[in-house]
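This briefing goes through a few structural features in turn. Keep the sequence and the 3D view open while reading.

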Amino acid sequence: SDVCSSDLSGDANSLAARELKHLQNRSHHLIRNNPAAVTARNRLVAHWIGNGLKVKWKDKKMQAAWDAFIKNPSIDGHGTFANMQNLVGSAYFESGEVFGRMIIQRREDCPIPLKLQIIEAEQLDPLYVRPKSIRYGIEFDSFGKPTNYHFWNRHPYALLDSSIVLQREPISADDILH
């Protein structure tokens with residue numbers, strides 16, 4: 001398609017935001033269809049993660065609590081802490097960013113009430129802007145500190161029940177790792 005000169009104007013962030021979905025889609029396409037891209041991702045993630053984050057507590061009670069937590073830290077109940085580390089590395093490689101959400105959820109089977117949720121970059125709309133407060137789906141205070149992330153309530157490309165309406169939900173920046 002023809003590119004008019006107005007498409008090329010703006011600061012670096014606004015230009016990148018306009019192209020982000022296209023770049024992410026191309027990256028996902030490469031991972032799905034190019035064995036060399038898969039190898040590159042796997043090798044880089046292995047280099048980043050190595051054997052994973054290992055925590056050794058001197059206190060036996062703390063170690064037991066940590067060991068219980070890493071068996072199933074995910075809010076959806078699937079995967080170990082090591083699985084989540086690999087998922088974060090893979091998502092970062094493919095999309096250039098990834099988000100983690102910390103949720104306090106008390107459970108009988110784990111002494112640590114923290115649960116983690118990995119949120120794919122596509123769930124944050126880089127084109128969602130409100131003058132003076134929201135840029136690229138992120139709400140900022142007057143000092144430029146993020147206060148809320150406005151994520152879609154589900155992945156925008158997920159094939160789910162058509163009765164589920166796609167809408168933005170603000171999540172406090174205090175609960176997000178970006």
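This is a predicted model: local features need pLDDT of at least 70, side-chain atom pairs count only at pLDDT 80 or more; totals for chains, interfaces and linings use all residues.

**Sheets, pocket and helix packing**

Ile134 has Glu139 of strand E4 as its bridge partner.

- E3 is joined to strand E4 (residues 138-140) by 2 bridges, and the two run antiparallel.
- In general, the strands of a sheet pair through backbone hydrogen bonds, and the pairing is either parallel or antiparallel.

**The sheet with E1, E2 and E7**

- Another open sheet is made of 3 strands in the order E2-E1-E7, again with antiparallel pairing.
- Strand E2 (114-119) and strand E7 (176-177) are the edge strands here; each has a single partner strand, so one side of each lacks a neighbour in the sheet.
- Strand E1 (residues 99-104) and E7 run antiparallel and are joined by 2 bridges.
- Gly100 has Leu177 in E7 as its bridge partner.

**The largest pocket**

- The largest pocket holds about 250 Å³ of space.
- Its lining consists of 16 residues, and those nearest the centre of the pocket are Val88, Gly100, Leu116, Ile118 and Leu177.
- Helix H4 (81-95), E1 and E2 are the elements that each give two or more residues to this lining.
- By type, the lining of the largest pocket has 11 nonpolar, 4 polar and 1 charged residues.
- Gly100 and Leu177, the bridge partners named above, are both among the residues nearest the pocket centre.

**Packing of H1 and H2**

- Helix H1 (residues 12-33) packs with helix H2 (residues 35-49) at an angle of about 100°, and their axes are 6 Å apart.
- Angles of 65 to 115 degrees count as roughly perpendicular, so H1 is roughly perpendicular to H2.
- On the H1 side, the contact is made by Leu30, Ile31 and Asn33.
- On the H2 side, Pro35, Ala37, Val38 and Arg41 make the contact.
- The residues of this contact are 5 nonpolar, 1 polar and 1 charged.

Note on methods
Residues are numbered from 1 along each chain as its sequence is written. Side-chain values use heavy atoms; hydrogens and water are left out. Axes are lines fitted to C-alpha atoms, for helices over the stretch in contact, and angles run from 0 to 180 degrees between N-to-C directions. Helices (H or I, at least four residues) and strands (E, at least two) are DSSP runs, numbered from the N terminus. Angles under 35 degrees count as roughly parallel, over 145 as roughly antiparallel, 65 to 115 as roughly perpendicular and the rest as oblique. Contact means heavy atoms within 4.5 Å. Ala, Val, Leu, Ile, Met, Phe, Trp, Tyr, Cys and Pro count as nonpolar, Asp, Glu, Lys and Arg as charged, and the others, Gly among them, as polar. Two strands pair if DSSP finds at least two bridges between them. On a 1 Å grid over the protein atoms alone, a cavity is a set of points where a 1.4 Å probe fits but cannot get out, and a pocket is an open set with protein on both sides within 12 Å along at least five of seven lines; lining residues have an atom within 4 Å of a point. Grid points are joined across faces, edges and corners, and a volume is the space filled by probe spheres set on the points.
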